[in-house]
Amino acid sequence: MTTPTIELKPTSSPLSDAEREAILAAPGFGRHFSDHMVTIQWTEGRGWHDAQLVPYGPLSLDPATTVLHYAQEIFEGLKAYRQPDGTVATFRPEANAKRFQRSAHRLGMPELPVETFIEACDVLVQHDKAWVPAHGGEESFYLRPFMIATEVGLGVKPANEYLFLVIGSPAGAYFAGGVKPVTIWLSEDRVRAVPGGMGDAKTGGNYAASLLAQAEASAKGCDQVAYLDAVEHKWVEELGGMNLYFVYDNHIVTPALTGSLLAGVTRDSLLTVARDLGYTSEEGRISIDQWREDSANGTLKEVFACGTAAVITPVGTVKSAGGEWVQGDGTPGEITMKLRDRLLDIQRGIAEDTHGWMHPLGD
Ligand SMILES: *Cc1c(COP(=O)(O)O)cnc(C)c1O
């Protein structure tokens, strides 16, 4: 598969410095987008072509475009961080590129070459470098690569045309006023993904399936939903968009990838970061009864969720139909915060990148 060269067609009217600075002062998450986007097309028989960096703007789609009806869509999320020397680097883009290929395969879509995925992200960050927040805090530039089926027609089959895009958005610190534990609703009825389904693909369909449970959880005063396996309704899987970790004495455990969980890059990185910090880590199986009992008897010290957006989020309270409990003393756990600080320090260029995770983009 050949990698198309990205043709540069930058905007002649970027946002003014003053307007951009005003956005960067309080970016929020996914609310503002930078001046450019990258688009690459795929057509059956021709492969990837027409790779371009163009001004950020709306797409024009025929109402019968396949993605609008049959949801053939996949996406990624990764961050670029400003380093202490003013340069910019992304975190493990190759891991996202490979997962994007796995997601594409699962949804019957063409696989974008890893180097094209990385180059598309690089080109966008390089052109919109002014949108990458300053070094010092937890702010970052969030990259959203995604792919949609663009064939026009209502026939049900894998499309013969696709559009890959990368857009970017400055992201503020996830916890503006300091890290605050979240309250989890433990869903014992609604499920996110089933064995043989697409739970291990990063696709909008999984998010659509999680929104009602998320809204119900919000109504009960919870921030996030924790899902159990779809067969026995017993084994803890993950949240709607974050993986889970359980912290025992100097030992962290995350649910194994059974096929219905998303293989988070943050999750994977923490298995290693934990070992760097002198803890042990493993992938295992945690039942809902074990979670409840180990919390009650105090052997389970801390629980946290992890993903690119928040990096690590401590779990404070767990609510379920059968009752609720406070995890630990309800405050962010010590190991949770040590892991969080170390991973963020690697991403921000403060701690040494001993695993070659950072992808530098120059200044
Ligand atoms: C993206 C995502 C995660 C977290 O993955 P990261 O690569 O760490 O950002 C976890 N679960 C689901 C369902 C996701 O979509």
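Reader: On what basis are the values given?

Author: This is a predicted model, in which local features need pLDDT of at least 70 and side-chain atom pairs count only at pLDDT 80 or more, while totals for chains, interfaces and linings use all residues. Residues are numbered from 1 along each chain as its sequence is written, and side-chain values use heavy atoms, with hydrogens and water left out.

Reader: Which domains does the assignment give?

Author: Domain bounds come from an automatic or database domain assignment. For this protein the assignment gives domain 1 (7-171) and domain 2 (182-347). Their C-alpha centres lie 27 Å apart. The contact between them (heavy atoms within 4.5 Å) takes 22 residues from domain 1 and 21 residues from domain 2.

Reader: How is a nonpolar core defined, and which residues touch the most other members of the largest one?

Author: A nonpolar core is a set of buried Ala, Val, Leu, Ile, Met, Phe, Trp, Tyr and Cys residues joined through side-chain atoms within 4.5 Å. Buried means under 20% relative accessible area, exposed over 50%, and partly exposed in between, with a 1.4 Å probe and protein chains only. The largest core here has 47 residues, and Val-38, Phe-117, Val-125, Leu-143, Met-147, Phe-164 and Val-166 touch the most other members. Elements that give two or more residues to this core include strand 2 (36-43), helix 3 (93-106), helix 4 (114-127), strand 7 (140-149) and strand 8 (161-171). Helix 4 gives the most, with 8 residues. Helices (H or I, at least four residues) and strands (E, at least two) are DSSP runs, numbered from the N terminus.

Reader: What is Phe-164 in contact with, leaving aside its neighbours within four places in sequence?

Author: With those neighbours left aside, the contacts of Phe-164 include Val-38, Ile-40, Trp-48, Phe-100, Phe-117 and Met-147. A second, separate core has 24 residues, among them Leu-271, Val-273, Leu-343 and Leu-344.

Reader: How does one tell a cavity from a pocket?

Author: Rolling a probe the size of a water molecule over the atoms shows where empty space is left. On a 1 Å grid over the protein atoms alone, a cavity is a set of points where a 1.4 Å probe fits but cannot get out, and a pocket is an open set with protein on both sides within 12 Å along at least five of seven lines; lining residues have an atom within 4 Å of a point. Grid points are joined across faces, edges and corners, and a volume is the space filled by probe spheres set on the points. This structure holds 2 cavities of 30 Å³ or more.

Reader: Where does the largest cavity lie, and why?

Author: The largest cavity lies between domain 1 and domain 2, because both give residues to its lining. Its volume is about 100 Å³. Among its lining residues are Lys-79, Tyr-81, Phe-91, Val-265, Leu-343 and Gln-347. Strand 5 provides the largest share of that lining, 3 residues. By class, the lining has 5 nonpolar, 5 polar and 1 charged residues; Ala, Val, Leu, Ile, Met, Phe, Trp, Tyr, Cys and Pro count as nonpolar, Asp, Glu, Lys and Arg as charged, and the others, Gly among them, as polar.

Reader: What lines the second largest cavity?

Author: Its lining includes Lys-79, Tyr-81, Glu-138, Arg-340 and Leu-344, and the space amounts to about 50 Å³. The lining divides into 7 nonpolar, 1 polar and 3 charged residues.

Reader: Is Arg-92, with its positive phi, buried or exposed?

Author: Arg-92 has phi near 45 degrees and lies in the loop between strand 6 (88-91) and helix 3. Its relative accessibility is 16%, so Arg-92 counts as buried. Asn-250, with a positive phi of about 55 degrees, lies in the loop between strand 12 (243-248) and strand 13 (251-255). At 46% relative accessibility, Asn-250 counts as partly exposed.
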